[in-house]
Amino acid sequence: MEELLKKPQGVFVFIDDDQDEHHLFSMAMESLELDNKVQSCYNGVEAFKYLRETDDNIFAILADINMPKMDGLELRRMVDMTPELKVKAIPFFFHTNSSTAAEVRAAYAMGIQGYLKKADSLEGTATSLKNIINLWTNVVHPKDLEASV
């Protein structure tokens with residue numbers, strides 16, 4: 001597998017109700033030799049609580065859509081309706097098995113950065129993660145502007 005262009009800075013927030021997906025994501029992080037903190041959440045309620053309460057620098061959010069308590073689409077809506085979270089402009093990706101036309105349209109209407117189908121292998125998950133990292137470590141982000149002011 002190709003190397004990462006640049007190491008990401010910050011926490012990955014991984015939200016999925018399936019424990020096996022958390023394990024696969026951790027293995028993908030390890031295969032890419034990443035030691036970033038991963039905040040594991042199992043539904044949108046847990047994730048929203050963490051996002052509101054943390055001072056962590058968050059690199060990206062990867063969320064499933066279909067979860068109990070609060071699904072991924074509702075979580076995205078809540079982030080957008082919370083000024084202190086919205087201003088952080090945290091890259092938000094859906095990582096899901098679900099891809100109805102209505103869900104894909106709704107997700108992109110909310111301004112997400114990507115809609116990824118879950119891979120069924122470690123290599124596929126690592127490739128998706130590597131692609132996200134290679135893109136988002138090379139963009140100008142609002143938090144980068146604060147450092148240069």
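Author: What follows is a close look at a cavity, and then at the sheet and helices.

First, some housekeeping: this is a predicted model, with local features needing pLDDT of at least 70 and side-chain atom pairs counted only at pLDDT 80 or more, while totals for chains, interfaces and linings use all residues. Residues are numbered from 1 along each chain as its sequence is written, and side-chain values use heavy atoms, leaving out hydrogens and water.

Search the whole structure and you find one cavity of 30 Å³ or more. A cavity here is a set of points, on a 1 Å grid over the protein atoms alone, where a 1.4 Å probe fits but cannot get out. About 40 Å³ of space lies in the largest cavity, a volume being the space filled by probe spheres set on the points, which are joined across faces, edges and corners.

Who lines the largest cavity? F25, L62, H95, T125, S128, L129 and I132 do, each having an atom within 4 Å of a point. Sorted by class, that's four nonpolar residues, three polar ones and no charged ones (Phe, Leu and Ile are among those counted as nonpolar; Asp, Glu, Lys and Arg are charged; the others are polar). The top contributor is helix α6, residues 122–136, which brings four residues to the lining. Helices (H or I, at least four residues) and strands (E, at least two) are DSSP runs, numbered from the N terminus.

Helix α6 lies across β1 (11–15), β3 (58–63), β4 and β5, and runs at about 145° to β3. Contact means heavy atoms within 4.5 Å, and angles, from 0 to 180 degrees, are between N-to-C directions of lines fitted to C-alpha atoms, for helices over the stretch in contact. Helix α5 (residues 101–109) lies across β4 and β5, at about 145° to β5.

Those strands belong to an open, parallel sheet of five, ordered β2-β1-β3-β4-β5. β2 (38–41) and β5 (114–117) sit at the edges with a single partner strand each, so one side of each has no neighbour in the sheet. On average, neighbouring strands are turned by 20° against each other, direction ignored.

H95 ties the two stories together: this lining residue of the cavity stands opposite L116 in β5. Strand β4 (residues 92–96) runs parallel to β5 and is joined to β5 by four bridges; two strands pair if DSSP finds at least two.

Key: 1 Å grid on protein atoms, 1.4 Å probe; cavity = no way out; pocket = protein on both sides within 12 Å on 5 of 7 lines; lining within 4 Å.
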